[in-house]
There are 2 protein chains.
Amino acid sequence: MISQNEYFDGNVRSLGAGDEQGKFTVGVIAPGEWTFGTSSAERMQLVRGSWDVKLPAESGEWVRYEAGSAFEVEAGVSFTVMNGEPVAYICSYD
Amino acid sequence: MISQNEYFDGNVRSLGAGDEQGKFTVGVIAPGEWTFGTSSAERMQLVRGSWDVKLPAESGEWVRYEAGSAFEVEAGVSFTVMNGEPVAYICSYD
(Lines give C-alpha, C1' and ligand atoms only; values in the text may rest on other atoms or scores of the structure.)
Protein backbone atom coordinates (compact mmCIF):
# COMPACT_ATOMS: atom_id res chain seq x y z
CA MET A 1 0.00 0.00 0.00
CA ILE A 2 2.59 2.67 1.08
CA SER A 3 5.92 2.19 -0.74
CA GLN A 4 9.25 3.19 0.83
CA ASN A 5 12.11 4.50 -1.32
CA GLU A 6 15.71 5.39 -0.45
CA TYR A 7 18.30 7.27 -2.50
CA PHE A 8 21.84 8.54 -1.95
CA ASP A 9 22.55 6.17 0.96
CA GLY A 10 19.48 7.26 2.90
CA ASN A 11 20.04 11.00 2.48
CA VAL A 12 16.82 11.09 0.50
CA ARG A 13 13.86 9.00 1.63
CA SER A 14 10.32 8.97 0.29
CA LEU A 15 6.97 7.30 0.83
CA GLY A 16 4.64 6.61 -2.08
CA ALA A 17 0.92 6.02 -2.64
CA GLY A 18 -1.79 6.90 -5.13
CA ASP A 19 -5.27 8.40 -5.15
CA GLU A 20 -7.86 9.44 -7.74
CA GLN A 21 -5.57 12.22 -8.96
CA GLY A 22 -2.65 9.84 -9.50
CA LYS A 23 0.59 8.72 -7.89
CA PHE A 24 2.46 10.86 -5.34
CA THR A 25 5.42 10.61 -3.04
CA VAL A 26 6.31 12.62 0.03
CA GLY A 27 9.89 12.76 1.09
CA VAL A 28 12.62 14.26 3.22
CA ILE A 29 16.01 15.34 1.87
CA ALA A 30 19.07 15.76 4.08
CA PRO A 31 21.28 18.84 3.60
CA GLY A 32 23.42 18.66 0.48
CA GLU A 33 23.29 18.86 -3.31
CA TRP A 34 21.33 16.12 -5.08
CA THR A 35 20.58 15.49 -8.76
CA PHE A 36 17.49 13.55 -9.81
CA GLY A 37 16.26 12.28 -13.18
CA THR A 38 12.64 11.89 -14.24
CA SER A 39 11.02 9.04 -16.16
CA SER A 40 7.64 10.81 -16.23
CA ALA A 41 6.52 14.41 -15.76
CA GLU A 42 6.62 15.51 -12.10
CA ARG A 43 5.42 18.41 -10.00
CA MET A 44 7.73 19.01 -7.04
CA GLN A 45 6.21 21.06 -4.24
CA LEU A 46 8.28 22.08 -1.24
CA VAL A 47 6.39 21.45 2.01
CA ARG A 48 9.03 22.49 4.56
CA GLY A 49 12.25 24.48 4.32
CA SER A 50 13.83 26.11 1.29
CA TRP A 51 16.06 24.94 -1.55
CA ASP A 52 17.84 26.16 -4.61
CA VAL A 53 16.98 24.32 -7.81
CA LYS A 54 18.84 24.00 -11.09
CA LEU A 55 16.52 22.86 -13.89
CA PRO A 56 17.78 21.33 -16.10
CA ALA A 57 20.65 20.18 -13.98
CA GLU A 58 23.24 20.72 -16.72
CA SER A 59 22.63 24.25 -17.80
CA GLY A 60 19.93 25.74 -15.61
CA GLU A 61 20.60 28.57 -13.19
CA TRP A 62 19.95 28.30 -9.48
CA VAL A 63 16.47 29.41 -8.48
CA ARG A 64 15.45 29.73 -4.81
CA TYR A 65 12.13 28.17 -3.68
CA GLU A 66 10.45 28.50 -0.29
CA ALA A 67 7.94 26.14 1.38
CA GLY A 68 4.64 26.15 -0.53
CA SER A 69 6.18 26.81 -3.92
CA ALA A 70 6.51 24.22 -6.69
CA PHE A 71 8.16 23.54 -10.01
CA GLU A 72 7.33 21.21 -12.88
CA VAL A 73 9.81 18.82 -14.52
CA GLU A 74 9.21 17.10 -17.85
CA ALA A 75 9.94 13.43 -18.41
CA GLY A 76 13.57 12.58 -19.15
CA VAL A 77 14.99 15.74 -17.58
CA SER A 78 17.39 15.94 -14.63
CA PHE A 79 17.32 18.62 -11.97
CA THR A 80 19.49 19.44 -8.98
CA VAL A 81 18.38 20.66 -5.56
CA MET A 82 20.67 22.21 -2.95
CA ASN A 83 19.50 22.62 0.64
CA GLY A 84 21.29 23.77 3.76
CA GLU A 85 18.75 22.18 6.14
CA PRO A 86 16.53 19.10 5.83
CA VAL A 87 13.51 19.77 3.60
CA ALA A 88 10.22 17.98 2.99
CA TYR A 89 8.49 17.83 -0.39
CA ILE A 90 5.55 16.24 -2.16
CA CYS A 91 6.01 15.00 -5.73
CA SER A 92 2.95 14.45 -7.92
CA TYR A 93 3.22 12.39 -11.09
CA ASP A 94 1.13 12.87 -14.23
CA MET B 1 19.60 11.70 9.81
CA ILE B 2 16.13 10.85 8.36
CA SER B 3 14.18 8.58 10.71
CA GLN B 4 11.60 6.08 9.47
CA ASN B 5 8.49 5.24 11.50
CA GLU B 6 5.72 2.70 10.96
CA TYR B 7 2.35 2.37 12.71
CA PHE B 8 -0.73 0.16 12.33
CA ASP B 9 1.12 -2.60 10.44
CA GLY B 10 2.47 -0.22 7.82
CA ASN B 11 -0.83 1.54 7.16
CA VAL B 12 0.77 4.69 8.50
CA ARG B 13 4.40 5.48 7.62
CA SER B 14 6.38 8.61 8.35
CA LEU B 15 9.82 10.12 7.84
CA GLY B 16 11.34 12.43 10.44
CA ALA B 17 13.98 15.15 10.56
CA GLY B 18 14.61 18.51 12.22
CA ASP B 19 15.59 22.02 11.25
CA GLU B 20 15.97 25.39 12.97
CA GLN B 21 12.24 25.53 13.62
CA GLY B 22 12.20 22.13 15.30
CA LYS B 23 11.30 18.51 14.61
CA PHE B 24 8.90 17.47 11.85
CA THR B 25 7.62 14.34 10.21
CA VAL B 26 5.98 13.81 6.86
CA GLY B 27 3.84 10.80 6.37
CA VAL B 28 1.32 8.85 4.33
CA ILE B 29 -1.80 7.25 5.78
CA ALA B 30 -3.67 4.45 4.02
CA PRO B 31 -7.49 4.59 3.87
CA GLY B 32 -9.15 3.80 7.18
CA GLU B 33 -9.81 5.17 10.66
CA TRP B 34 -6.75 5.72 12.86
CA THR B 35 -6.36 7.07 16.40
CA PHE B 36 -3.13 8.72 17.50
CA GLY B 37 -1.91 9.99 20.89
CA THR B 38 0.47 12.89 21.43
CA SER B 39 3.37 13.16 23.87
CA SER B 40 4.08 16.77 22.87
CA ALA B 41 2.04 19.49 21.17
CA GLU B 42 1.70 18.90 17.41
CA ARG B 43 0.51 20.79 14.35
CA MET B 44 -0.91 18.43 11.74
CA GLN B 45 -1.14 19.89 8.25
CA LEU B 46 -2.72 17.92 5.43
CA VAL B 47 -0.59 18.04 2.29
CA ARG B 48 -2.63 15.80 -0.01
CA GLY B 49 -6.18 14.48 0.07
CA SER B 50 -8.90 15.07 2.65
CA TRP B 51 -9.79 13.59 6.02
CA ASP B 52 -12.30 13.83 8.81
CA VAL B 53 -10.84 14.46 12.23
CA LYS B 54 -12.25 13.87 15.70
CA LEU B 55 -10.37 15.87 18.32
CA PRO B 56 -10.26 14.74 21.05
CA ALA B 57 -10.86 11.23 19.87
CA GLU B 58 -13.26 10.36 22.67
CA SER B 59 -15.80 13.14 22.51
CA GLY B 60 -14.93 15.36 19.58
CA GLU B 61 -17.16 15.69 16.55
CA TRP B 62 -16.00 14.90 13.05
CA VAL B 63 -14.55 17.90 11.23
CA ARG B 64 -13.61 17.70 7.52
CA TYR B 65 -10.19 19.07 6.44
CA GLU B 66 -8.88 19.51 2.90
CA ALA B 67 -5.26 19.64 1.67
CA GLY B 68 -3.53 22.77 2.96
CA SER B 69 -5.52 23.00 6.18
CA ALA B 70 -4.13 22.16 9.62
CA PHE B 71 -5.13 21.54 13.21
CA GLU B 72 -3.26 21.76 16.50
CA VAL B 73 -3.20 19.01 19.15
CA GLU B 74 -2.01 19.55 22.72
CA ALA B 75 0.29 17.12 24.47
CA GLY B 76 -1.38 14.07 25.97
CA VAL B 77 -4.46 14.23 23.75
CA SER B 78 -5.66 11.58 21.29
CA PHE B 79 -7.26 12.32 17.96
CA THR B 80 -8.79 10.17 15.22
CA VAL B 81 -8.52 10.65 11.48
CA MET B 82 -10.72 8.94 8.90
CA ASN B 83 -9.77 8.98 5.22
CA GLY B 84 -11.27 7.27 2.21
CA GLU B 85 -8.12 7.61 0.08
CA PRO B 86 -4.42 7.73 0.98
CA VAL B 87 -3.42 11.11 2.40
CA ALA B 88 -0.12 12.86 3.01
CA TYR B 89 0.56 15.14 5.96
CA ILE B 90 3.31 17.09 7.68
CA CYS B 91 3.45 17.15 11.48
CA SER B 92 5.41 19.88 13.24
CA TYR B 93 6.37 19.49 16.90
CA ASP B 94 6.79 22.32 19.39
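The questions and answers below concern a predicted model with chains A and B.

Reader: What conventions apply to the model and its numbering?
Author: Residues are numbered from 1 along each chain as its sequence is written, and chains are lettered from A and ligands numbered from 1 in the order in which they are written. Side-chain values use heavy atoms, leaving out hydrogens and water, while in this predicted model local features need pLDDT of at least 70, side-chain atom pairs count only at pLDDT 80 or more, and totals for chains, interfaces and linings use all residues.

Reader: Which residue of chain B comes closest to the rotation axis?
Author: Two copies of a chain are related by a rotation about an axis and a shift along it. Distances to that axis are taken at C-alpha, and at 3.5 Å the closest residue of chain B is Val26(B).

Reader: In what order do the six strands of the open sheet in chain B lie, and which stand at the edges?
Author: Strands are DSSP runs (E, at least two residues), numbered from the N terminus, and two of them pair if DSSP finds at least two bridges between them. The order is S1-S2-S3-S10-S5-S8, with antiparallel pairing. Each edge strand has a single partner, so one side of it is left without a neighbour in the sheet; these strands are S1 (3-7) and S8 (70-73) of chain B.

Reader: Over how many bridges do S3 and S10 of chain B pair, and which residue stands opposite Gly27(B)?
Author: Strand S3 covers residues 22-29 and strand S10 residues 87-93, and they pair in the antiparallel sense over six bridges.

Reader: Is Ser78(B) buried or exposed, and which side chain does its own side chain join in a polar contact?
Author: Ser78(B) lies in strand S9 (residues 78-83) of chain B. Its relative accessible area is 18%, so it is buried (buried is under 20%, exposed over 50%, partly exposed in between, with a 1.4 Å probe and protein chains only). A polar contact is a pair of N or O atoms within 3.5 Å; within protein, one must be able to donate a hydrogen and the other to accept it, and residues adjacent in sequence count only if both atoms are side-chain atoms. At 2.6 Å, the partner of Ser78(B) is Glu58(B).

Reader: With which side chain does that of Thr35(B) make a polar contact?
Author: Thr35(B) is in strand S4 (residues 32-37) of chain B and, at 41% relative accessibility, counts as partly exposed. Beyond four places in sequence, Thr35(B) touches residues including Phe8(B), Ala57(B) and Ser78(B), where contact means heavy atoms within 4.5 Å. Its side-chain polar contact, at 2.7 Å, is with Thr80(B).

Reader: Why is the ring pair of Phe71(B) and Phe79(B) edge-to-face?
Author: Rings of Phe, Tyr and Trp (its six-membered ring) pair if their centres lie within 6.5 Å, and planes under 30 degrees apart count as stacked, over 60 as edge-to-face and the rest as tilted. The structure holds 14 aromatic pairs over all chains. In this pair the centres are 5.5 Å apart, and the pair is edge-to-face because the planes stand at 75°.

Terms used
Helices (H or I, at least four residues) and strands (E, at least two) are DSSP runs, numbered from the N terminus. Copies are superposed by least squares on the C-alpha atoms of residues with pLDDT of at least 70 in both.
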